[in-house]
Amino acid sequence: MAEFDEVMRIEVMRFEVLGPLRVRRAERELDLGFPQQRALLGLLMVRAGRPVQVSEIVEVLWASRPPASAPNVVRRYVGALRRLLEPGLPPRAPGRRLSRRTGAYLLDAEPDEIDLLRFRELTLRGRRAVATGRPEVAVRQFVGALGEWRGPVAMGLPASARAHALFRAVEHELVLTTRMAADAALLCGTAGLVLPSLRRAVELEPLDESLHARLVMVLAACGLQAEALTAYEEVRRRLAAELRVAPGTELSEAHTRVLRQEVRASAPPAHRPVRTALSEPVKPLARPAQLPPGLTVFAGRSEELGKLTALAGTAASSGSPGTILVSGMAGVGKTASVVHWAHEVAHRFPDGQLYVELRGHDTAARPAPEPVEALRGLVAALGAPPRHLPDDVAALTNLYRELLTDRRVLVVLDDAARTEHVRPLLPTAPGCLAVVTSRDRLPGLIASGARPLRLELPSAADARATLALRVGHRRSAAEPEATEEIIDRCGRLPLALAIVAARAVSRPDFPLAALAAELRAAHGSLDAFTGVGGTADARAAFAASHRSLPPGDARLFCLVALHPGPGIAADTVAGLAGLSPREARPILGRLADAHLVCEDAPGRYTVHTLLRAFAAELAEADEADATEPLSLPRHSF
């Protein structure tokens, strides 16, 4: 027990509530469990270091009419959280992180482990600097405090819990600090440093005239006179429409000062000095251009590319960095589509484009790069000397984000497998955009604010255009029936179409009907979609996705894929697997997240025709298992 206590004393964790609710041990994000369990942890984080009465917990978890069993449910949630936060905790041991007091529970964490406590400490330092007449110091402290604010407070909790007065009080703290930061920045001519936080604050308090007055003046100080006047007009109309009042004295005076150009101009934010000691100076004009060449035979996808542009525009207009997650099944064309789009919009990112092959599902030839390796490549591309760079992820992440300050850079992170590998590579500077591709939906990344875009199979028209571009329009038009059969037997999957088209191009004298006959003779196997000479291979692509599955999930995938008929209901899957529907549904959800099955309607699943062929090959390769009834031991889940 003494050894356990010593280990727990030195283990550092990170608790985040000023945005998506997260807990990290080292670089690994923990799964916080059911929504109410997450709400309990969020409450304890907001009140860290102070006991929270069970009655208050019940009030937050059940906004109205809590069940009679509520105290027992709270006790079970506490036990689960203890095991999560201290995985080596002996049975029935009270642990250190989550202790019980008389009728209450307390989360024990160091001040630097919780973002809210760091925010409060930096805010306090800023207040002291203001009181002693040091506005420049105050701005640095306030901006540091607001840097802990990553999005809506306790995002990911049930709406009823987030609406509780305790979480609203935290939002009020953020707004107050933003006001003080704006006042100090306007005083010392550094308004640009607080503009992103002001934009977010007015979203929290859209009718706060005092906050809007500061936004109007900060916009004017940053040289955005027209936007300042527009902001005033918008809040004036809102006040009239919703409260039937005219702007008060403070907001009116701010408007008048902007019209008279009496607001002190703010100096553009200087590049902050890099905190990491480097033996060589950073090259300030480094402009990376790392995008791989786009496909010369890219066709279609106009609707998806339009959605991607719209999502990027939404991120840009928010005044904060954006992340877009493009997900889809293996071979659906995620990388090709994103790279094509990135070339089209490269002019919107004048400070460069970064590209990282994460190889999350392509580790057979080369292992996936660790975050440290990827970060070293990124900071070198941004101008930092490659020698004498720090070795730990945290220092490199800080350096990377420091180098992106005041830049507009597009970052493409290709083939991500896990959220924790992506997170250190995401920019935090307004004007930057990260586009992540993955075969997985990465719910953790979406919970952190990433905007999702699922790439479906191309339409029949797009598939036809793609094949025609690859084999030649004249050749395709001459054999329309063979063209349609090839598209159908490829299941419209871009990877399969590319493999067959490559075979057609290498045999220009062969009719397309002969290739269609080859696909027909393959009887649904993947032999017809084997790459040659190091080119893409459908079987290898599917195998890479399958390898990432836990054994129980992999067995259930085969069961769904081998089931005859166009689709299968979740309850039917559960019955065939010998599971309860409650046990089967989370597994089906994970398979859908990995894009190995598709939930076309609630509780009903289908599998792509080529993935069915892959599952049949798996079954044939292991005849011993195939002849036994498919069973899924309960401990697998």
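Arg236 and Glu233 both sit in helix 11, which spans residues 225–243. Three residues separate them, about one turn of the helix. Their side chains form a salt bridge, 2.4 Å from N to O. The model is a predicted one. Its salt bridges number 31.

**Within helix 11**
- Arg236 is partly exposed, at a relative accessible area of 30%.
- Glu233 is also partly exposed, and its relative accessible area is 28%.

**From loop to helix 24**
- A salt bridge joins Asp527 to Arg539, with 2.8 Å between the closest N and O atoms.
- Asp527 lies in the loop between helix 23 (512–521) and helix 24 (538–547), while Arg539 belongs to helix 24, so this pair ties together parts that are twelve residues apart in sequence.
- Asp527 has 53% relative accessibility and counts as exposed.
- Arg539 has 24% relative accessibility and counts as partly exposed.

**A buried pair and its network**
- Arg22 and Glu16 pair through their side chains in a salt bridge of 2.7 Å, N to O.
- Both residues of this pair, Arg22 and Glu16, are buried.
- A network of salt bridges links Glu16 and Arg22 with Arg24, Asp115 and Arg150.

**Background**
- Side chains of opposite charge can pair when their charged atoms come close.

Definitions and conventions:
Residues numbered from 1 in each chain as written. Predicted model: local features only at pLDDT ≥ 70, side-chain atom pairs only at ≥ 80, totals over all residues. Heavy atoms only, no water. Salt bridge = Lys/Arg side-chain N within 4 Å of Asp/Glu carboxyl O. Buried < 20%, exposed > 50% of the residue type's maximum accessible area, 1.4 Å probe, protein only. Helix = DSSP H or I, 4+ residues; strand = E, 2+ residues; numbered from the N terminus.
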